[in-house]
Amino acid sequence: MVRPRDPATTDPADRPATYREVFAVAEFRWLWAALLGSVIGDQLARVALAILVFDRTGSAGLSALTYALTFLPDIAGGPLLSGLADRYPRRRVMVSCDAARAVLVALMAIPGAPLWILCVLLVVVQLLAAPFQSARAAMLASIMTGDKFKAATGLSAVTSQTAQLIGFVTGGSLVAALGTSQALALNAASFALSAVLLQLGVRERPVPVGADPAVKPSWWGSLSAGARLVWGDRRLRYLTALICVPGFYITVEGLAAPYAAAVGGGPLAVGVLFAANPAGQVVGILLFSRMIPSRRQAWMGRLAIGTCVPLVFCVFEPGLWPTVALWALSGLSAAYLVTAQATFVQDIPDAQRGQAIGLARTALIVSQGIGVLVAGAAADQWQPPLVVAAAGLCGIAFAAGGARGYQRP
């Protein structure tokens, strides 16, 4: 029989926040509803654009390039545009970005638009994602405090991962049923709805001020100050390293198709392998959120290492379903990322959160892009299971260094 903890010996500050407490905050409910619509619309738009380009050109390479364009602009947008979330009211930044994206995606939905125009509009749409995401994370840290913010961050991650899973499973069928233009129009509507929800449900807050309220930093001053803050603080520097560990285990997504072929699987196997890591992350975040905050912090480094340990066993080429289990276990351990990201945001002064979040987000995206590119090139020379195992070994060493540096007194 499990004994209940004695309330007299339990620190109330170390009690994990519940999702019920998070949803009890009205502003979060509006933020969450806006996120849900945008993520589902984005996933549909990515699939629709890839199908549209392939139908028009018959080129798998151009179709893949178009899909990649939905991620690449974040590399520039993160450092260059995230500072807008520190220079202007954050709700206004989010609403303006959503409204602009709604118009741009609506233009993309016009039937017969030239491909080069679609690509230009797509790049601009994705550039606007950087200031929006930075403003959203910084705003959420103002609405929620303590472990409620970590729970809210985890719930947002679960929502995004679940929407991606739905997109992997149903995206192609929905686009086939609706048509590419209609799917893009639906994405435009989701951005417009998000802007309305944010305007109606989230309270505007003044621009955060720094040490000297009379000084408003320039664009370059904000960027350089954010970089100095992250790089100059040991804990923030190693937190950023832990946030970049996905650059090693993301290789499983980049190699899902050749790995499936190597173990004798077909298209269905590719889809199952794609879904394994996100499914594991959803379960892991839900379980990890039940730990008390102090224990979560203590386990953060170990779980970062644990994301890469299962990948090493791929060297034995265990077959499809054992591989699915290993990749899902890797995703389960990736629940640490929610705590790492939330801790990073809370450790940043409010006046610099937007810029610092953008820099960390860019580091994450760059690490993932490099991981996929290097793994893809290596898979041309060696068998995919061997490449995945090698990525796991490198990831263990990197995560162990980051964990040790962060926990050092």
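Arg-205 counts as buried, because its relative accessibility is 14%, and buried here means under 20%. This is a predicted model, so please hear every value as computed from it. The partner of Arg-205 is Glu-27, and their side chains meet in a salt bridge at 2.8 Å, N to O. The two residues are 178 apart in the chain, with Glu-27 in helix 2 and Arg-205 in the loop between helix 10 and helix 11. Glu-27 is buried as well, with a relative accessible area of 15%.

Staying with helix 2, I turn to its packing. Helix 2, residues 26-57, packs against helix 10, residues 180-201, at an angle of about 165°, and the axes are 8 Å apart. That angle makes the two helices roughly antiparallel, since anything over 145 degrees counts as such. The crossing of helix 2 past helix 10 is left-handed.

Back to the charged pairs. How many salt bridges does the structure hold? There are 8. One of them joins Asp-147 and Arg-296, with the closest N and O atoms 2.7 Å apart. This pair ties helix 9 to helix 17, across 149 residues of sequence. Asp-147 is buried at 12% relative accessible area, and Arg-296 is buried at 4%.

Another runs between Asp-350 and Arg-90, with a closest N to O distance of 2.7 Å. Asp-350 sits in the loop between helix 20 and helix 21, Arg-90 in helix 6, and 260 residues separate them. Are these two buried or partly exposed? Asp-350 is partly exposed at 30%, while Arg-90 is buried at 6%. Both belong to a network in which salt bridges with shared partners join Asp-86, Arg-90, Asp-350 and Arg-353.

Helix 9 also holds Ala-163, which counts as buried at 6% relative accessibility.

Last, the region around helix 18. Val-309 lies in that helix, residues 309-312, and is partly exposed at 34% relative accessible area. Together with Phe-313, Val-315, Phe-316, Trp-382 and Leu-386, Val-309 makes a nonpolar surface patch of about 620 Å².

In the loop between helix 18 and helix 19 is Glu-317. Most residues other than glycine have a negative phi. Glu-317 is partly exposed, at 47% relative accessibility.

Terms used. Residues are numbered from 1 along each chain as its sequence is written. This is a predicted model: local features need pLDDT of at least 70, side-chain atom pairs count only at pLDDT 80 or more; totals for chains, interfaces and linings use all residues. Side-chain values use heavy atoms; hydrogens and water are left out. Patches are made of residues with over 30% relative accessible area and no salt bridge: like charges are joined within 9 Å, nonpolar side chains (Val, Leu, Ile, Met, Phe, Trp, Tyr) within 5 Å. Accessible areas come from the Shrake-Rupley method with a 1.4 Å probe; for residues, only the protein chains shown count as cover. A salt bridge is a side-chain nitrogen of Lys or Arg within 4 Å of a carboxyl oxygen of Asp or Glu. Helices (H or I, at least four residues) and strands (E, at least two) are DSSP runs, numbered from the N terminus. Buried means under 20% relative accessible area, exposed over 50%, partly exposed in between (1.4 Å probe, protein chains only). Axes are lines fitted to C-alpha atoms, for helices over the stretch in contact, and angles run from 0 to 180 degrees between N-to-C directions. Angles under 35 degrees count as roughly parallel, over 145 as roughly antiparallel, 65 to 115 as roughly perpendicular and the rest as oblique. A crossing is left-handed if the near helix is turned anticlockwise from the far one by less than a right angle, and right-handed if clockwise.
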